[in-house]
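Here's a quick briefing to read with the model open on your screen. Have a look at the structure, then go through the points below.

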Amino acid sequence: MIKDITIGQYFNGNSLLHRLDARMKIILTVIFIVSIFLCQNFWSLGLMLLFTLVTVTISRVPLKMVFKSIKPIAIIVVFTSLLNIFYIKGGTPVVDWKFIHITSNGLFTALFMALRIICLVVVSSMLTYTTTPTMLTDAIEKLLSPLKVFKVPVSTLAMMMTLALRFIPTLVDEIDRITNAQKARGANLDDGNFMQRIKALVPIIVPLFVSSIRRAIELADAMDCRCYTGGPGRTRMKQMKFCLRDFATLFVMVLFVAGIVVLNMYFGAVLVK
Amino acid sequence: MPILSANGVTHLYNKGTPSQSKAIYDINVDIEEGELVGIIGHTGSGKSTLVQHFNGLLKPENGQIIVDGKDIWKDKKSTREARFKVGLCFQYPEYQLFEETVYKDISFGPKNMGLKEEEIHKRVLLAAEYVGLKKELLEKSPFDLSGGEKRRAAIAGVIAMQPKVLILDEPTAGLDPKGRDRILEMIKSYRERTGSTVLLVSHSMEDVAKIATKVLVMNKGQVEMYGTVDEVYSHSVELRNIGLNVPQVSKVFEILKSNGMNLGSAYTVEKAAEIILSKGGASV
C-alpha cells in the first residue's frame, strides 16, 4: 500500500521533457491545466487528448507507470461521472424512466469531466516523472522569489520541501523495518476490529516518531557543521538557464491554447443552455 | 532431527518488475538443536534475507522452511507459531523500543503469545537477567537508557518469548569493543544456560570465531560453506576470494608459517596467545 505513493517519483531518462528547464515545465503545466477547462466541444477535447498523448510519448515514461498514477484517482473519476450523469439537467432527454432522468447535457458533462481529470493527472504526473524533486523545489523557489518582497521566507520553505521529499523513501524503509521487528515479536497487524488495528499501530508509530526526531536533530547538526545559514544570498551549483528548446515548447503551448480557443469559437459549445 | 531446516529455499526481490532478482537461491541447510551457528557473508550476500525466512516474515518463492518438524507455511497457525519458536532480533533492535517502561517493552512479545500475567512476569525477569539488565532499570523509560542498555533491553524482548531458536542479526553493530564483548559473552552464556539454538548473523569473522560452534558462509545468495569453525576457517584462500577476511591473528600465523615457523592455526587472540606461550620456551 505504502509503496503505491507516486508523489515525488522520478523516472530517470533523457527525453526532451527531462531536459526542459523545470521552471518552464511548471509554467507549461499550469497553462495546460487552465486550458483543460476551456474545452467546450469534441474538437477541442480531441486536441487536448492528442496533446496529452504526445506529451506521454515524448517523455518515454513507460505506460505502466502512467497508469499507476491514474489508479488512485479512478474512484474520484467514476464518482464525479455518476453524479454528473444523474444530476445535470438540460439538453435532450436520453432516459426518462420513473425517477431516473438522464439528459444529453449530463452525459456530455460526465465525459468531459472524466477526461479532464485524467488528462490533468497524467500531465502533472509527467512533471514529477521527468523532474527530480531537487530540480522541482529549486524551480518553485525561483518562481516564488517575487514573494520575497512581502517577506515570505521562500528559500526556507523550498529547503523544507526538498528535505520532506528527500525523506519520504527513508521513512518508508523505516516503517518496513519497524513493522518487521514488531511482527517478529508477535505483533498482529492484520486481524481484529477497527479499534484493535489502530491500537496495533502504536508499536510502529512511537519508534517511527522517535527515530524521525533523532534524524531531524542529526540533520540539523550536519547542516550546521557545513555552515548552512539559509536565507538570501545562497547561490546554486546548478544554475538554471532558459534555452532555445524552452522557448520553442512555450511557443508550441501557445499554439495549443490558441487552437483550443479557435476550435471553441468555430464549432460552438456542445452543452445546450 | 534438525530443529530448523531450509529445503531448496529461493526468494525473489521485486517480483514481476524489470528489476526482479534472486535474493537467495536454492538454500539447503539443516541446523541441529543446541548449535551456535555463525552466519557470515559479504553485504548483500543474502544473510538477512535468509534469516527472515526462518520465522516466516518472508515467504519463499520455492522450497520449504521446517521448524521443529513442521512446515511453517502449511497454514496460518503454523506461521504464527514459527514467530514464537524462532525469535528474530533485527539489526539495531533498540529502534523498536516503544513502551513507557523497559518492563512493559520486554513483555510485549510474551503478551502477544497470550500468556498469563504471572508467566509473563517470570519471563521478563529471567530475560532481563540473561542480558544483564539491573532490576531497577526495568521501571525506567527505555528512552532513558544508554545505547548498550537499550540494545540489551531489545534483545531481552525477544528472549522473553523463550524461542527454541534465537536469531540475532548483527547484534554487535555500532558498539564499542567493550559493548561488543559484553553482548558476545551474553549470547554464549545464554546458550549454555538454556541449551537453545542460536544463529548469529555477522560480518565479523573474529566475533564468530569467538563463540560459534558452526559457521555458515553465504555468497551471492547461496551457501558457500557450512561446517565447524576449523573446517571453514582453514579455507582462507576461498574465503578471501569471496571478499571475506580471516581474523588478523590467523593471518599472522599464516605469514609465520610461510616463513618457516609452523605454529598450527588459531582464529582468536586468546587461542593464539595460548599456542605461542606453550611453544615459547622451546623455539627461542
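Let's start where the chains meet: the side chains of Arg185(A) and Asp105(B) form a salt bridge, with N and O 3.1 Å apart (a salt bridge being a side-chain nitrogen of Lys or Arg within 4 Å of a carboxyl oxygen of Asp or Glu). Keep in mind that this is a predicted model, where local features need pLDDT of at least 70 and side-chain atom pairs count only at pLDDT 80 or more, while totals for chains, interfaces and linings use all residues. Residues are numbered from 1 along each chain as its sequence is written, chains are lettered from A and ligands numbered from 1 in the order in which they are written, and side-chain values use heavy atoms, with hydrogens and water left out.

**Where chain A meets chain B**

- The rule finds one salt bridge across the interface of chain A and chain B.
- There are also four residue pairs in polar contact between chain A and chain B, both residues at pLDDT 80 or more (a polar contact is a pair of N or O atoms within 3.5 Å; within protein, one must be able to donate a hydrogen and the other to accept it, and residues adjacent in sequence count only if both atoms are side-chain atoms).
- Chain A puts 18 residues into the contact and chain B puts in 22 (contact means heavy atoms within 4.5 Å).
- Together, chain A and chain B bury about 1,700 Å², with 57% of it on carbon and sulfur atoms (buried area is the accessible area, with a 1.4 Å probe, that two parts lose on being put together, summed over both).

**Inside chain A: two domains**

- Chain A is split into domain 1 (1–152 + 242–273) and domain 2 (154–230), with bounds from an automatic or database domain assignment.
- Twelve residues of domain 1 and ten residues of domain 2 make up the contact between them.
- The two domains of chain A bury about 1,000 Å² between them, and carbon and sulfur atoms give 81% of that.

**Chain shapes**

- Chain A comes to eleven helices and two strands.
- The radius of gyration of chain A is 24 Å, whereas a compact globule of 273 residues would be near 19 Å (taken over C-alpha atoms; the globule rule is 2.2 Å times the number of residues to the power 0.38).
- Chain B has twelve helices and ten strands.
- With a radius of gyration of 20 Å, close to the 19 Å from the globule rule for 284 residues, chain B is as compact as a globular protein of that length.

- Thr249(A) is in helix H11 (residues 244–267) of chain A.
- A polar atom of the Thr249(A) side chain lies 2.9 Å from the backbone oxygen of Asp246(A).
- Leaving aside neighbours within four places in sequence, Thr249(A) is in contact with Leu16(A), Leu20(A) and Leu28(A).

Terms used
Helices (H or I, at least four residues) and strands (E, at least two) are DSSP runs, numbered from the N terminus.
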